[in-house]
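Let's take a walk through a protein model, one piece at a time. Have the sequence and the 3D view open as you read.

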Amino acid sequence: MSDGLVIVESPAKARTINRILDSSYSVQSSMGHIRDLPEKSLGVDLENDFTPTYQVNKGRKNIIGSLNEAVKKAKNVYLATDPDREGEAIAWHLFELLKKKGKSAEFHRVTFHEITKQAVLNAFKHPEKLDMDRVNAQQARRILDRIVGYQVSPLLWKQIDRSARSAGRVQSVALRLICEREVKIRGFVPVEYWVFTALFYKINHKDDSFSAKLHAIDDAKVEIDNEKDALFIYDEVLKADYIVDNVAQKPKTKRPGPPFITSTLQQAAGSNLRFGANRTMIIAQQLYEGIDTGSGPVGLITYMRTDSVNVAEEAKKNAKEFIIKEFGEKFVPAKPNFYKSKQSAQEAHEAIRPTDISLTPDMAAKFLDRDQLRLYKLIWNRFMASQMAPAKLIQHTIDIVNKPGTCSKKYLFRATATITQFPGYMRVYNLEDIAVENAESIISKLPEMFKGDQCILDNLDKVQKFTEPPPRFTEATLVRELEGNGIGRPSTYAAIVNTIQIRKYVDKEKGKLSPTSLGETVSTYLTKNLNDLFAVEFTAEMEGELDAVEQGKVEWQDMLESFYKKFSSWVGEVDSKNVPDLSNVHTILNLFPDDFQWKEPTSNGVRTYDDKKFVTSLKKQIDSGKKISDKQWQALLNVFVSYEEKLPEFSNIVTELEISETIGEIKERRSEKIANLKAIDPDDISLRICKSLSDVKNWEEPVKKGNRTFDDKKFFNSLNTQLNNGKVLSAAQSNALKNLLLKYRSQVANYDDLQSELDLPSEEEVNKVKEEIASLVELVSEITDWKVVEKKGKSRSFDQQKFVDSLCGQFKQKGRLSEKQVNSLKKVIRSKKDQIQNYEEKAEKLGL
């Protein structure tokens, strides 16, 4: 019987810990979460204290089997999952599944915030018990999210369609923030203002000229909002004589920021490194779980999901010694820097910092890849700066005014310069390498001047400007907004930001987040019908309730009970609002007798719209005693509007049913659609694409597939000839032409212009798809057990492995796959998910 079995979440973490512990321990991985609520049912007993039903996740049965066998042989089982709610929940689920097989084993909970020898060994010397308050907080969050998702998402499907994939409890609030910002941007009215910048010099000292901005007019704030006033001021200022009104040298202290927590790390990585929130957390996890430094894996940073700015005393001591050695005693603060965490922070956690301060970024460069090094450097610099002395600055200000009587008003120009007297923590960032030692060099950025000195105006610039709308969120600023509103926690920020993009509710272009048409439709519906549920304040309140559960102040069932009373009332109101009046439905349907003259069915290439078939099906549905959904009612009203000319009683019916507002909205949408179609001449667009593709010099070589040969150049020349001969391309040919444009975009000079006009994907979107396919290819590489070759008909056979290999080979060679091929790849992955480690996590990220 082994002395101890240690269970962690990931193989990387297992390897690092295995190197630290001696051979009496066996370290195994659970590969993340091992059980969850069922995929295809609610899994929560709403009538019995919200009791959850858990199922072992697909692909985890073999892992559980292996762990059960190991537990039977162990005297002690150490659950060493991460030190947060998710980690505690994984540990509890493991305990619940393994305790029956490990009847003779004693279970322990061990936690550490860094994977270093000292921290891990200390944790094993002082094992703890499972923190059930923390487990229950995670359970409550999971159940909350499940209830909202299961009961609100169907409302979206009824009112919009299945493309509105789901309504997440917190993600919908993030979407709301993005949509509300977009409304402000669209409604923004720019306001004109003028900026005056003057170049002055002291009389007889022209070589020492300096710049100053118009700061005040008659001792009031400058407000110039039209060209007429700007020209008047310009003429006055040019003619005036000037003197120095005031000179000031004000000492300032610039203090370092606190060490990183999860949200500030994501924000800094977004601003400085252009990393998304999810990418930041993936790289941070690699640094935390262990990097091979040549003598085995070592954890380089502390746990990366934290909202506490606390720093261990040992780490402070080590930082102080390093600062003295590298920079000198004067760079150590007189009193240790103190940083206060926000009220909801878990004080038992630490800030994100290097585990070994002596491992500088330069030293780490030899065993880190580029992205790992950039993030490690960001963390190292921020922590080191947080432990150093503040910078000492001098703010030098010179105020210059026109002499009395030379203008109708008093114009004050101000010149400022900030000079570093002592760099302090800024030395880490190489912002100031040399401290200023004497007062004479302090004022070197502005000339030496005294009150009453005469000045000469050498040049005057006036610039017309306009106020700008609030900027769109980036991932970093969205995380900051969520955190500022008390929404989300360290373990959820990246998932929130990632999910709204996966669901196609939000697009990211050049780092900026904007709502898609689908996202705006979903957000509008949710805020109109469930405003209280998806209010920022209510969501923040629920985060506070979950914190109270974790702190043992509130029972998790009581918290859910309180929530569900409000929630069921809100959803009930929506259901009652969205049920169409049956008498109104009958009135509209009776306008279409069996012998009604219907229009011919139409198709958009994907769907066929048959009005007669639709109305007939609704009549049968009503006759069978079933109600119709609001979505069906809206569709019926669309049909009603399309036959207005054939229905003499149309206007009277609209008035009688009191639906004039709804009918008006439908007509407006139809008019917009028709106008948009008329605005674009398909043949003109095709000719423009052909003209652009004429620039292509390097066509791909023809490819033979079976009996067919695919030749891009020949196909393009054929379409070009058709168009130049006045022939109209079919819908399929037009789409094929667009695909060629996309394929050869790097050789098309005006692709960006065509891209925005034709709604083609941008370079960033193409790269995003490419990254997604690369991730799919990586997933299929984990599959080892393939289907045997299947016979298809008399002569055809299907070899699944060979098919997947051909797709992977094509992607490797050409860097792309068709949408149909990508869907085929996804289908294979879903069918083989039992063979893929951490499938659920990977599937969530890839929208599988």
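## Helix α20, end to end

Start with helix α20, which covers residues 611-623. Its 13 residues, at 1.5 Å a residue, should span 18 Å, and because its end C-alpha atoms are 18 Å apart, the two values agree. The expected span here is 1.5 Å times one less than the number of residues. Helices (DSSP runs of H or I, at least four residues) and strands (DSSP runs of E, at least two) are numbered from the N terminus.

Before going on, know what you're looking at: this is a predicted model, where local features need pLDDT of at least 70, side-chain atom pairs count only at pLDDT 80 or more, and totals for chains, interfaces and linings use all residues. Residues are numbered from 1 along each chain as its sequence is written, and side-chain values use heavy atoms, with hydrogens and water left out.

Which residues of α20 are buried? They are D611, V615, L618, Q621 and I622. Seen down the axis of α20, these buried residues fall within an arc of 120 degrees, so they line one face of the helix. (The arc is that of the directions from the helix axis to the C-beta atoms.) Buried means under 20% relative accessible area, exposed means over 50%, and partly exposed is in between, with a 1.4 Å probe and protein chains only. An α-helix has 3.6 residues a turn, so residues three or four places apart point the same way. On the face of α20 turned away from the buried side, you'll find the exposed residues K613, K620 and D623.

Now check the two ends. At the start of α20, a side-chain oxygen of D610 comes to within 3.2 Å of the backbone nitrogen of K612. That's a polar contact, meaning a pair of N or O atoms within 3.5 Å; within protein, one must be able to donate a hydrogen and the other to accept it, and residues adjacent in sequence count only if both atoms are side-chain atoms. Just after α20, G625 takes a positive phi of about 90 degrees. V639 sits in helix α21 (residues 630-642) and, at 6% relative accessibility, counts as buried.

Helix α4 (residues 117-125) has A119, V120, A123 and F124 as buried residues. They cover an arc of only 130 degrees around the axis, which puts them on the same side of α4. The face turned away from that buried side carries K117, Q118 and K125, which are exposed.

## Loops worth a click

Go to T81, in the loop between β7 (74-79) and α3 (85-98). Is T81 buried or exposed? T81 is buried, with a relative accessible area of 2%. A polar atom of the T81 side chain lies 2.7 Å from the backbone oxygen of G87.

Most residues other than glycine have a negative phi. D219, though not a glycine, has a positive phi of about 65 degrees. You'll find D219 in the loop between β10 and β11 (220-221), where it is exposed, with a relative accessible area of 61%. K510 also has a positive phi, near 55 degrees, and is a residue other than glycine. K510 lies in the loop between β18 (506-509) and β19 (512-515), and at 74% relative accessibility it counts as exposed.

## A cavity to find

How many cavities of 30 Å³ or more does a search of the whole structure find? It finds two. On a 1 Å grid over the protein atoms alone, a cavity is a set of points where a 1.4 Å probe fits but cannot get out, and lining residues have an atom within 4 Å of a point. Grid points are joined across faces, edges and corners, and a volume is the space filled by probe spheres set on the points.

The second largest cavity holds about 30 Å³ of space. Its lining is made up of R169, L533, F538, T539, M542 and F563. Helix α17 (residues 536-550) gives the most to that lining, with three residues.

Key:
On a 1 Å grid over the protein atoms alone, a cavity is a set of points where a 1.4 Å probe fits but cannot get out, and a pocket is an open set with protein on both sides within 12 Å along at least five of seven lines; lining residues have an atom within 4 Å of a point.
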